[in-house]
Amino acid sequence: EQTTLSGGPSLWPAMAFGLGNHGDGSADPICQPGDRIDVAYTLEVDEYRGEETLRLNVKDFAPSPRAG
């Protein structure tokens, strides 16, 4: 799943493999667009057609207890 995450004024392209419905098999997603979440990720170089960009590879995420 490709998405964009924001942190303050920055926007980051991100990929999350194998986390559809957060991997729990339920039909209801655990968050909606605009929700605050905590994310565990690795930073990777994405090379496409000779162009290199930085991308977040999302390993896990959860609703943020600081939401609101």
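Which residues form the largest nonpolar core?

## Basis of the model

This is a predicted model, in which local features need pLDDT of at least 70 and side-chain atom pairs count only at pLDDT 80 or more, while totals for chains, interfaces and linings use all residues. Residues are numbered from 1 along each chain as its sequence is written, and side-chain values use heavy atoms, with hydrogens and water left out.

## Nonpolar core

Leu5, Ala14, Ala16, Leu19, Leu56, Val58 and Phe61 make up the largest nonpolar core, seven residues in total. Such a core is a set of buried Ala, Val, Leu, Ile, Met, Phe, Trp, Tyr and Cys residues joined through side-chain atoms within 4.5 Å. Buried means under 20% relative accessible area, exposed over 50%, and partly exposed in between (1.4 Å probe, protein chains only). At least two residues of this core come from E2, and at least two from strand E4 (51-63). E4 gives the largest share, three residues.

Beyond its neighbours within four places in sequence, Leu5 is in contact (heavy atoms within 4.5 Å) with Ser10, Leu11, Trp12, Ala14, Ile37, Val39, Leu56 and Val58.

Strands E1 (residues 2-7) and E2 (residues 10-16) pair in the antiparallel sense through six bridges. Strands are DSSP runs (E, at least two residues), numbered from the N terminus; two of them pair if DSSP finds at least two bridges between them. Ser6 lies opposite Leu11 of E2.

Two residues separate E1 and E2 in this hairpin, and Gly8 in the turn has a positive phi of about 70°.

## Arg49

The loop between strand E3 (37-48) and E4 contains Arg49. Arg49 is not a glycine, yet has a positive phi of about 55°. Most residues other than glycine have a negative phi. Arg49 counts as exposed because its relative accessibility is 72%.

Notes
Helices (H or I, at least four residues) and strands (E, at least two) are DSSP runs, numbered from the N terminus.
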